[in-house]
Each structure stands twice: as structure tokens, then as C-alpha cells.
Amino acid sequence: MKQESTENLQEKSSLNRLAVKAGIFYIFAQLLVRGITFLTTPVYTRLLSQEQYADIRLFESWLLIAVPTLSLCLWKSVDRAKYDTGEHYNEYVSASQTLSYLSIGTVFLLCLIFKRQVQSALELNDLMFYMAFLYIFAYTSILFLQRREKQMMRYKVSTLVTALTVIPATFLSILLIWLGRRNGDLDQLVNLRVIGFYTPHIIGGAAIAIILWLQGKHLVNLKYWKYGLLYSIPLIPEAISIQIMNQADKIMVRYMVSKTAASIISLATTVSFIIWILEDSVWNAWLPWLFEKISRGEEQDVEKPWTFIMHGFGLISWFLVLLAPEVVAILGPKEYRAAIYLSAPMIVGTLFRFFSYIYSAVENYYKKTGYVAATTVITMIINMILNYFFILRFGYIAAAYTTAASYFILLLLQSWCEYRITGTLLVPVKKTALISLSYFVLCCLSMLLYSVPFYFRYAVLITGVLIAAKFLLPQLLAILKTLRKK
């Protein structure tokens with residue numbers, strides 16, 4: 001018995017060390033690569049008019065909705081398929097990619113038939129229409145690769161692919177816009193950005209599609225198709241709902257208020273993207289470890305490190321709110337200054353969404369994806385209703401608060417679903433709700449400091465950093481020591 005216990009501890013320690021090593025590499029690599037996209041925002045806001053910047057963000061919004069929908073979200077099933085397909089994992093990925101391509105191709109043919117109506121409804125010109133579908137095909141393959149590599153706790157290939165697409169796309173798009181301005185083609189700047197940014201993704205995604213098929217050697221497998229559809233179809237409304245919630249504020253403000261207001265809320269979204277880059281990176285590094293813990297019946301190991309993560313990101317969110325005036329000034333000219341008053345709700349909204357993942361992950365692990373879909377659709381409907389009435393009553397600033405409130409509702413609903421499935425919770429919802437609301441109040445109150453001299457904010461920021469270091473740094477070192485010990 002003692003020998004078995006020792007072997008179990010050694011196996012657990014090995015998993016923890018692998019997760020930490022791979023996770024840290026992934027987080028820093030993603031911050032480096034994806035941070036480049038964020039850092040170019042000041043360039044775009046100065047090279048483009050507010051209306052053109054709003055047009056680009058609208059196009060991005062449609063793509064974010066279309067990719068998960070048209071691909072049938074089959075790439076999401078790759079996370080769970082690892083535990084059910086075993087040594088046939090690559091075959092599953094290959095066959096599932098084919099099914100996604102068949103779905104995208106079918107929708108493309110239908111849109112060709114009703115091309116004029118589709119372009120009119122989505123405000124797409126011919127270039128945007130064809131580039132959109134090419135990108136959807138390509139990015140779907142990139143997602144399949146990233147999910148597979150992440151679940152295998154291998155991050156070098158995934159990060160390299162991201163670097164070889166995002167970095168050239170970013171610099172090529174800026175170069176084309178600059179050349180367009182120099183040559184006097186001011187009415188073509190949006191098209192030039194679309195060509196420059198999406199072409200490298202299309203080329204990279206096409207190469208990955210071929211590689212995945214060669215590795216899996218299975219274009220068609222009805223058993224895998226059935227498995228993927230049963231898992232992923234309930235996630236389609238979930239994916240659509242999440243993206244609608246993410247994009248609805250910008251789209252509704254665009255049509256209910258103005259393009260200028262939409263550009264301001266788009267820039268505020270970019271501010272929240274700073275914290276979201278880190279949240280998303282940490283979550284993608286965390287998820288394979290979490291699934292392994294659940295599969296081994298070691299759920300009790302989850303609450304303590306996740307509580308630390310919640311406080312860590314809560315404090316980072318607060319620090320970002322305190323620095324919002326400077327961040328907005330860097331990202332855009334003075335016409336965008338109103339974005340600072342959207343910072344707290346938008347930043348904390350991403351925090352609520354991040355916290356909800358700990359509950360929805362359990363539902364996905366147990367293949368209860370219908371619960372995830374139902375709660376997300378309900379939340380999306382609530383968000384749309386709140387957006388409509390509060391934007392009419394209070395203006396575009398209200399959209400930031402209604403979205404944050406909707407994500408908090410989603411958190412509560414997801415925790416309820418986990419309890420329905422397992423009869424318990426990895427992390428008590430009372431703890432999560434208390435931490436969430438505490439940081440929301442702190443961040444909103446901190447916006448009052450925008451009207452006082454900047455050094456008061458800096459004094460508060462420095463004090464907060466010192467307090468955080470005193471209380472959280474020892475916990476971080478203890479967690480890392482526990483994960484590394486043999």
C-alpha cells in the first residue's frame with residue numbers, strides 16, 4: 001500500500017512538473033506573439049479614420065461569429081477526444097477537420113447563391129466576402145492543430161504556427177495601409193488591411209490542413225464524425241452566443257448610436273484584451289492539467305491553485321483599470337479618451353467570463369455540452385435585451401455594464417450546471433461570486449481617481465502592488481514548490 005501511494009505521488013508530481021513546464025512556456029510565448037497584435041492598435045487608430053477602424057472591427061466581429069458556427073465547433077471536441085481515441089488521436093483530428101471543411105463549403109455555396117443579400121446584410125464588399133471564407137477554412141485548421149497540441153501539453157509547434165501567421169500578418173497589413181495612404185488610396189485602406197492581415201493566415205492554415213490530413217491519414221470516418229457531432233453540436237449555440245455577447249455591444253452601438261461611438265467601445269475592448277490575452281493563455285495552459293486531475297479523481301487539488309489564480313487576475317485587472325487613462329492615450333488619439341470610462345466594467349467582464357470557465361470545463365469533460373449551450377444562450381438573450389434598453393436609456397456606455405452583468409449571470413448558471421452533473425463543485429460558487437463582486441466594486445470605484453492628479457492613482461497603484469506582493473508572492477512560491485517536488 002505504501003509503495004502504491006509512493007508511485008501515485010510520483011506520477012502526480014510528474015504530471016504537475018510537465019504541466020508547469022509546458023504551461024509557463026505557452027503563457028510567455030502567447031504573450032509575446034499575441035501582444036504584437038495589441039501593440040499595433042495605436043498604429044491602426046492613427047492611420048485609419050474612426051469610421052474605417054469601426055468597419056475593420058465589424059468585419060472581425062462577423063468572422064469571430066462565423067468560424068465556430070460554420071466549422072460546427074468540431075475543433076472543441078479535440079480536447080475530450082484524447083481520452084476516448086487513444087493512439088488513434090491523429091486519425092480523429094484528421095477526419096473531424098474534413099467534416100468541418102464540408103460544413104464550411106456547403107455554407108459557402110449557399111452564400112454564393114444569395115451573395116448580394118449576404119453582402120448587404122453584413123456590409124461586405126466582394127474582397128471581404130471571399131477573404132472571409134478563405135480565412136474561415138484556414139483558421140479552422142489552425143484551431144484543430146492548436147487544440148491537439150495543447151491537449152498533448154506540447155506548445156512549441158502551436159506557438160511557432162501562431163508566430164508565423166500573426167507576426168507577418170500584422171506587419172504586412174500596416175505596410176499596405178501606409179503605402180495606401182502615401183499613394184492617396186484613402187478609400188482603400190480597409191481593403192488593404194484585410195488583404196495584409198488575413199493572407200498569411202490563409203496560407204498558413206492551408207499548409208496545416210494538409211499536414212493534419214497526412215498525419216491522420218483519415219479523410220472520412222463515420223464513427224469519429226458521429227462522436228464529434230454529438231459532442232460539438234450543442235456547443236455551436238454556445239459559441240455563437242459567446243461571440244454575440246462579445247460583439248453585440250459594438251454592433252448594437254454602431255447601429256443604435258453611431259460608428260464613432262462604436263469605435264470608442266472597440267478601443268475599450270482592446271484595453272480589456274490586455275488582460276484577456278493573459279487569461280486565455282493561462283486557461284489554455286491550465287485546462288489539460290485540469291482534465292487530467294478529473295480523470296484521476298484528484299479534484300481536491302484544484303480549489304487552492306484556482307483561488308490563487310482568481311485573486312491574481314483580480315488584482316491585475318484592478319491595476320489595469322488604474323492605468324486605463326495612459327493605456328487609452330497610447331492606443332488612440334484624444335478622440336478616443338471617453339473609452340477610459342468603459343474600462344472597469346469591460347475589464348471585469350472578461351474576469352467574470354474567465355472565472356466561469358472552471359465550471360463549464362467540468363461540463364465539457366463529462367460531455368454534458370448541452371448544459372454549456374443552454375446557459376450561454378440564455379445569458380446571450382439576457383445580454384441583448386439589457387443592451388437594447390440600457391443603450392436607449394443611458395447611451396453607449398451602458399453596454400459595457402450590461403455585458404459585465406451578463407457574464408456574472410453566466411458564471412452563476414455554469415456553477416449550477418456543474419452541481420447538477422456532479423453533485424458538488426470544484427470551487428464553491430459563494431467564494432467565486434464574492435471574489436468577483438469585490439473586484440468589480442473596487443475597479444468601478446477606482447475610476448473616480450481619473451478626475452484627480454495622476455500621482456494619486458500612481459500612489460494607490462504602488463500600494464496595491466506592494467500589498468499584492470506581500471500576500472500573493474509567498475502563495476505563488478508555495479504552489480510552485482508543491483508542483484515541483486518529487
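Residues are classed as buried under 20% relative accessible area, exposed over 50% and partly exposed in between, with a 1.4 Å probe and protein chains only. The model is predicted: local features need pLDDT of at least 70, side-chain atom pairs count only at pLDDT 80 or more, and totals for chains, interfaces and linings use all residues. Side-chain values use heavy atoms, without hydrogens or water, and numbering starts from 1 along each chain as its sequence is written.

Zero disulfides (pairs of cysteine sulfur atoms within 2.5 Å) are present in the structure. Cys444 is in no disulfide; its nearest cysteine sulfur, that of Cys443, is 7.0 Å away. Cys444 is buried, at a relative accessible area of 18%. Cys73 is also buried, at 0%.

Helices are DSSP runs (H or I, at least four residues), numbered from the N terminus. Helix α7 (residues 126-151) packs against helix α8 (residues 156-182) at about 150°, with axes 9 Å apart. Axes are lines fitted to C-alpha atoms over the stretch in contact, and angles run from 0 to 180 degrees between N-to-C directions. Angles over 145 degrees count as roughly antiparallel, so α7 is roughly antiparallel to α8. Contact means heavy atoms within 4.5 Å. On α7, Ile142, Leu145, Gln146 and Glu149 make the contact; on α8, Val157, Ser158, Val161, Thr162 and Thr165 do.

A nonpolar core joins buried Ala, Val, Leu, Ile, Met, Phe, Trp, Tyr and Cys residues through side-chain atoms within 4.5 Å. The largest has 139 residues; Trp283, Trp286, Leu290, Trp306 and Ile358 have the most contacts inside it. Helix α12 (residues 259-295) supplies the largest share, 18 residues.

Notes
Helices (H or I, at least four residues) and strands (E, at least two) are DSSP runs, numbered from the N terminus. Angles under 35 degrees count as roughly parallel, over 145 as roughly antiparallel, 65 to 115 as roughly perpendicular and the rest as oblique.
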